[in-house]
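Let's have the structure up on the screen and walk through it together.

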Amino acid sequence: MANTMAENGKPRFWLMLGMVAAAAVLRIVPHPPNFAPVAAMALFGGAYFDRKRWAFAVPLAAMLLSDAALELLFGWGFHSGMPAVYGTFALVVCLGLLLRKRKTAPLPVVGAALASSTLFYLTTNFSVWLTSGMYAATPAGLAACYAAAIPFFGPTLAGDLFYTAVMFGALALAERRFPVFATAPRA
């Protein structure tokens with residue numbers, strides 16, 4: 001318990017928490033369709049929060065709170081596809097965990113953002129095909145579902161790349177500019 005309290009008292013932890021919260025708020029303000037920081041929050045959480053429980057809990061809580069706000073404000077935050085969305089979101093956190101040792105190298109971060117977008121596209125559209133009844137339960141129906149979702153993939157990919165660059169870059173800049181946000185060397 002003492003370690004958790006000490007970690008939570010660090011300015012770095014609070015900065016990262018604030019960054020994830022700010023990204024979640026960006027889901028609520030007007031933005032181009034599918035151009036949102038969803039995958040970036042999950043990648044960032046997995047890559048940067050020291051403890052795995054925070055890596056999952058912070059982005060998932062931010063996602064849930066922003067979905068609740070979208071439901072309250074617009075009536076569309078909660079939907080039948082949430083298990084697939086949240087399951088994929090947790091998998092993206094796992095991609096972030098794999099980035100931990102390479103989170104400052106641009107190529108692995110870009111690769112993880114691309115993988116996140118692709119994973120989201122594949123899993124959520126598979127779920128739509130499987131559960132919605134909108135498409136025939138055949139390989140052709142699955143192909144039609146994926147084809148219908150192609151127009152949404154580009155903005156999702158652009159948003160994931162943009163917000164991942166912003167979040168990872170902002171923390172790297174804060175670490176260099178303000179020593180209080182830098183990680184302490186491990187003993």
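Let's begin with the aromatics: the structure holds 14 aromatic pairs. By pair I mean rings of Phe, Tyr or Trp (its six-membered ring) with centres within 6.5 Å, called stacked if the planes are under 30 degrees apart, edge-to-face if over 60, and tilted for the rest. Take Phe162 and Tyr163: their ring centres are 5.0 Å apart and the planes sit at 80 degrees, so this pair is edge-to-face. Phe162 is partly exposed at 42% relative accessibility, while Tyr163 is buried at 11%. Here buried means under 20% relative accessible area, exposed means over 50%, and partly exposed lies in between, using a 1.4 Å probe on protein chains only.

Phe178 and Phe181 are edge-to-face too, because their planes are at 80 degrees, with centres 6.2 Å apart. Phe178 is partly exposed at 43%, and Phe181 is buried at 17%. There is also an aromatic cluster made of Phe13, Trp14, Phe49 and Trp54.

A quick word on the source. This is a predicted model, where local features need pLDDT of at least 70 and side-chain atom pairs count only at pLDDT 80 or more, while totals for chains, interfaces and linings use all residues. Residues are numbered from 1 along each chain as its sequence is written, and side-chain values use heavy atoms, leaving out hydrogens and water.

Now, what lines the largest pocket? It has 41 lining residues, and Asn34, His79, Val85, Phe120 and Thr124 lie nearest its centre. A pocket here is an open set of points on a 1 Å grid over the protein atoms alone, where a 1.4 Å probe fits, with protein on both sides within 12 Å along at least five of seven lines; a lining residue has an atom within 4 Å of a point. Helix H6 (106-131) is among the helices that supply at least two residues each, and H6 gives the largest share, nine residues. Helices here are DSSP runs (H or I, at least four residues), numbered from the N terminus.

Staying in helix H6, have a look at Asn125. Asn125 is buried, at 13%. Its side chain reaches the backbone oxygen of Tyr121 at 2.8 Å. Setting aside neighbours within four places in sequence, Asn125 touches Phe120, Cys145, Tyr146 and Ala149, where contact means heavy atoms within 4.5 Å.

That's my tour, thank you!

Notes: A polar contact is a pair of N or O atoms within 3.5 Å; within protein, one must be able to donate a hydrogen and the other to accept it, and residues adjacent in sequence count only if both atoms are side-chain atoms.
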